[in-house]
Amino acid sequence: MLNINRTFPPVVSAYMQSNARHRFILGPFGSGKSVGSQTDIPRRAAMQAPSTLDGKRKTRFAVVRQTRPQLRSTTMKTWFDQFPNGSLGNYHGLTNTYTIRQDDIFCEVVFLPLDTEDDVKNLLSYELTGVYLNEFRDIPRAIVEALDGRIGRYPRIEEGGPTWVGVWGDSNMPEIGSYWHSMLTGRNPDEPAEAKPNKWDVFIQPPAMLRDGSDYVVNPAAENLQFLPQDYYPALVENKTADYIRTYVMCEYGRSKGGKPVHPLFDIGTHVAKAPLLPDKNNLLLISADFGLTPAFCLMQQNAFGQVLVFDAIATFGMGLERAIEEKLLPLLRRKYDGFDIFVTGDPAGGTGSQSDEVSCADVFRRYKNKGLGKIKFAWSNAPVHRQGALDYFLSRNGDYGRKMFLVDPGAEALIVALGGGYMFKIFKDGRLTAEVDKTNEHSHIGESCEYGCMYFERGGRRKAENTERSTIRPP
């Protein structure tokens with residue numbers, strides 16, 4: 001039998017032992033995740049049940065990387081460092097296949113890039129047991145979804161079929177708002193603001209370093225440290241950008257690179273709460289709204305320390321304000337904010353009636369006065385400099401004992417994705433930046449709704465007229 005007895009760190013070990021059809025591990029540079037991923041190939045080959053026809057344990061795995069140079073210089077190098085040609089098996093350069101023949105084990109390991117259309121066709125023509133995606137964040141969604149139709153095809157049913165079937169992979173952290181971010185966090189990849197749990201097993205290794213004020217220190221819980229030079233991580237973060245450190249060292253999702261973020265001061269590691277935020281029924285609950293056919297709402301409070309706390313973020317698509325209130329906002333109020341004193345603010349354009357029926361967004365809210373939405377005062381300006389400046393005011397400040405003055409509940413995914421880089425300025429094809437926000441994606445509306453809420457709190461918010469006694473009629 002194969003001699004592949006090895007010891008792996010806890011997260012890598014748990015990932016290798018998962019039998020999920022889709023399982024993925026994320027971690028920093030140098031964490032041992034690729035070695036674990038590749039060792040799982042001969043391990044799974046040895047676990048395959050013998051064929052009912054000839055008694056052979058047959059498997060066929062594809063090893064995929066985005067480009068041929070990456071495949072050869074990193075993925076295959078790691079493989080041959082572990083399993084030199086002629087040791088565990090033999091490599092055939094013409095077919096890019098490493099064949100393992102030991103005792104009753106017959107395993108084909110096919111190395112495939114995705115450089116060209118022919119490469120993709122070649123991959124999608126194979127009948128496979130499973131597929132390993134190295135640096136999976138670079139693999140397009142269409143490929144990932146198409147691979148589901150190629151796995152589980154070898155060995156064939158008449159021989160007993162595969163004992164285990166699946167797609168697995170390792171990667172550094174992908175960008176917020178990407179297909180991978182949605183799938184790894186249980187969101188709908190077509191509408192990232194919507195939760196859509198899946199059956200993927202996701203494993204995230206400990207960060208390689210920890211923040212110590214403005215500095216970084218090596219995390220003693222980081223995996224694979226014993227196999228790295230002592231100064232590996234301190235040298236890695238030296239003179240690097242915050243985004244680089246976040247993605248490759250701290251195990252945090254990266255900012256979108258489609259353009260310049262509107263709020264580069266937003267830091268996922270410090271502005272997203274570590275645990276769910278608890279709203280205070282004794283405090284005014286602010287619903288800050290952006291309108292159009294993509295209504296968005298942020299539900300916010302300012303606490304006694306002056307911190308702006310965002311508890312929930314609702315982003316809608318292809319629906320009018322009335323439908324968004326009835327289908328999204330009111331159910332949330334009933335479930336979580338019963339008995340709160342509610343005030344509505346947002347885009348001042350909401351106070352103007354439409355050209356067709358002269359009904360304004362304020363009028364729509366007032367229809368739900370008996371549900372707690374009758375108190376309304378829209379922002380004093382919708383100029384970007386005022387909106388964006390109000391949010392940046394809170395993002396840039398720390399309170400007593402280092403409290404961040406702006407915090408988002410970890411469940412407010414739509415806002416986190418937006419402020420994490422999805423809400424961005426347009427960029428010209430030649431790379432030049434513009435001062436115009438990109439309105440072609442789903443992130444600008446939730447970003448602007450949050451900005452209007454910050455405008456309210458920046459000016460003091462708690463005006464006498466806005467703190468009248470609570471109505472005797474509570475939200476349902």
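The model is predicted, with local features requiring pLDDT of at least 70 and side-chain atom pairs counted only at pLDDT 80 or more, while totals for chains, interfaces and linings use all residues. Residues are numbered from 1 along each chain as its sequence is written, and side-chain values use heavy atoms, with hydrogens and water left out.

Rings of Phe, Tyr and Trp (its six-membered ring) were paired if their centres lie within 6.5 Å; planes under 30 degrees apart count as stacked, over 60 as edge-to-face and the rest as tilted. The count by this rule is 28 aromatic pairs. One of the pairs joins Phe29 and Tyr248, which is stacked because the ring centres are 4.8 Å apart and the planes stand at 15 degrees. Phe29 belongs to the loop between β1 (22–26) and α2 (33–47), and Tyr248 to helix α8 (residues 242–248), so the pair ties together parts that are 219 residues apart in sequence. Helices (H or I, at least four residues) and strands (E, at least two) are DSSP runs, numbered from the N terminus.

Relative accessible area under 20% is termed buried, over 50% exposed, and in between partly exposed (1.4 Å probe, protein chains only). Phe29 is partly exposed at 26% relative accessibility, whereas Tyr248, at 19%, is buried. The pair of Tyr179 and Trp180 is edge-to-face, because the centres of the rings are 5.5 Å apart and their planes are at 70 degrees. Both Tyr179 and Trp180 are buried. One aromatic cluster is formed by Trp79, Phe80, Phe83, Tyr91, Tyr98 and Phe111.

A charge was taken to sit over a ring if NZ of Lys or CZ of Arg is within 6 Å of the ring centre and within 35 degrees of the ring normal. Arg60 lies over the face of Tyr154, 3.9 Å from the ring centre. Arg459 is placed over the face of Trp380, at 3.8 Å from the ring centre.
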